[in-house]
Amino acid sequence: MKKARWSLLLPLASAVVFAAAAAPHPFVYARLARGELSGRDRKAILDTVRLFDRIYEDFYASGGGAAMIDAFPATKNVKHHVFRDVGFLRDEKLVLVYDLADLTPIDVKQTGADTAEALVYEEWNYLYQHAADRSTAANLKGMGQGFRYRLRQERGRWIVTGWDFEDVKPTRRDKGFVY
């Protein structure tokens, strides 16, 4: 009888130890519930948005050159969206030159176990050029706009899964920005 009790307790004890070790720590649940990110994750997310914008600029300025496609931190769907827009300009024999003047982080929060959002205010200058000779097709313009980027962590890096316009008040205006 004693041997039977021990033979039942050993698998039960093993299952309890496994469950305790495999379960996320209560602080992880609390962090997810509050949408808190570590400073390192917050920096990585904002660095991803900045990289996204730099490569986005390159896609437009090159008229759709895909040299940076593998480095572009975006889903396949987002890449298709960007190249569809670049293709529309190419069909019109235009090139759009974007220049990110400023990016101001407003809020970065976790939205799920491997998802996050970054709310930023961006200031852009842009210029349309004729593709044939890169002569100016329209005067230099500027804009300031809030954006909410949605990101997902994949294979140890953050990628942009989408973005929306967001009504955000400007937080800073650079002297060199054209309005």
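## Overall picture

Of the 179 residues in this protein, 31% are buried. The model you are looking at is predicted, so please read the values below as computed from that model. The exposed surface comes to about 11,400 Å², with carbon and sulfur atoms supplying 57% of that area.

The protein has four helices and four strands. Following the sequence, they come in the order α-α-α-α-β-β-β-β. Contacts reach well along the chain too: taking those between residues at least 6 apart in sequence, 59% join residues at least 24 apart.

## Helix 3

Helix 3 covers residues 39-61, which is 23 residues. How far apart are its end C-alpha atoms? They are 33 Å apart, and this agrees with the 33 Å that the helix should span at 1.5 Å a residue.

Several residues of helix 3 are buried, among them I45, L46, V49, F52, I55, Y56, F59 and Y60. The buried set also includes D41, D53 and E57, along with T48. In an α-helix there are 3.6 residues a turn, so residues three or four places apart point the same way. Just after helix 3, G63 adopts a positive phi of about 70°.

## The hairpin of strands 1 and 2

Now to the strands. Strand 1 (residues 94-112) and strand 2 (residues 115-130) run antiparallel, joined by 16 bridges. Two residues lie between these strands, and together strand 1 and strand 2 form a hairpin.

Which residue of strand 2 is the bridge partner of D102? That partner is E123. As a general point, side chains in a regular strand alternate between the two faces of the sheet.

Technical notes. Residues are numbered from 1 along each chain as its sequence is written. This is a predicted model: local features need pLDDT of at least 70, side-chain atom pairs count only at pLDDT 80 or more; totals for chains, interfaces and linings use all residues. Side-chain values use heavy atoms; hydrogens and water are left out. Two strands pair if DSSP finds at least two bridges between them. Buried means under 20% relative accessible area, exposed over 50%, partly exposed in between (1.4 Å probe, protein chains only). Contact means heavy atoms within 4.5 Å. Accessible areas come from the Shrake-Rupley method with a 1.4 Å probe; for residues, only the protein chains shown count as cover. The expected span of a helix is 1.5 Å times one less than its number of residues.
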